[in-house]
Amino acid sequence: MQRLLIALLLILAGESAALACSCIATRDPQELRKLARDGARDAIALVEVEVVSAYDPLWKRGEQLRVRRTLAGRAPASVRVERLNLPSDASCDLELRRGQRTLLILYPPRARRLWRRSEHRISGLCTANLLHQPVFRSTFVEALRR
């Protein structure tokens with residue numbers, strides 16, 4: 001009985017590990033440049049934001065962001081994050097807290113809805129980590145300005 005319980009726990013632990021986010025961990029400048037150019041392909045802007053309000057689980061509305069500075073591209077002064085579900089770092093979503101300041105990449109929304117015109121997609125957890133590497137960030141800015 002005890003062996004059966006241990007086996008069941010190992011199976012469940014293995015399944016949950018498969019759901020975890022895994023990011024590319026590289027410091028190779030060539031790889032970082034390629035990742036930055038790929039990430040800039042559909043991007044609207046690279047911005048520094050302050051989180052005004054957190055995700056609203058009742059209305060399933062994304063975080064409200066104030067754009068503090070635009071490093072490249074064009075961005076509105078205020079953005080609401082397009083969210084389909086509660087953000088989860090297990091699915092590589094970037095979880096944002098009220099008052100937090102961070103760098104983000106803005107992308108156009110997946111679906112244009114009249115009542116949610118200010119919504120934009122944002123970079124995920126993996127890209128947010130890459131934005132702190134100067135080679136990635138400078139290449140991204142250069143690619144977005146073209």
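Contact here means heavy atoms within 4.5 Å, and the model shown in these close-ups is a predicted one.

**View A. Helix 2 meets helix 4.** From helix 2, the residues P29, L32, R33, L35, A36, R37, G39 and A40 make contact with V135, F136, T139, F140, A143 and L144 of helix 4. The two axes come within 8 Å of each other and cross at roughly 40°. Follow helix 2 as it passes helix 4 and you will find a right-handed crossing.

**View B. The buried side of helix 2.** Helix 2 takes in residues 29–40, twelve residues that reach 16 Å from the first C-alpha to the last, close to the 16 Å expected at 1.5 Å a residue. Its buried residues are L32, A36, G39 and A40. These four share the same side of helix 2 because they cover an arc of only 95° around the axis. Their packing partners are strand 4 (101–107), helix 3 (125–130) and helix 4 (134–145).

**View D. Strands 2 and 3 side by side.** Strand 2 (residues 64–73) and strand 3 (residues 78–81) are antiparallel partners, joined over three bridges. For a handy landmark, look for L65, which stands opposite V79 in strand 3.

Note on methods. Residues are numbered from 1 along each chain as its sequence is written. This is a predicted model: local features need pLDDT of at least 70, side-chain atom pairs count only at pLDDT 80 or more; totals for chains, interfaces and linings use all residues. Side-chain values use heavy atoms; hydrogens and water are left out. Helices (H or I, at least four residues) and strands (E, at least two) are DSSP runs, numbered from the N terminus. The expected span of a helix is 1.5 Å times one less than its number of residues. Buried means under 20% relative accessible area, exposed over 50%, partly exposed in between (1.4 Å probe, protein chains only). The arc is that of the directions from the helix axis to the C-beta atoms. Two strands pair if DSSP finds at least two bridges between them. Axes are lines fitted to C-alpha atoms, for helices over the stretch in contact, and angles run from 0 to 180 degrees between N-to-C directions. A crossing is left-handed if the near helix is turned anticlockwise from the far one by less than a right angle, and right-handed if clockwise.
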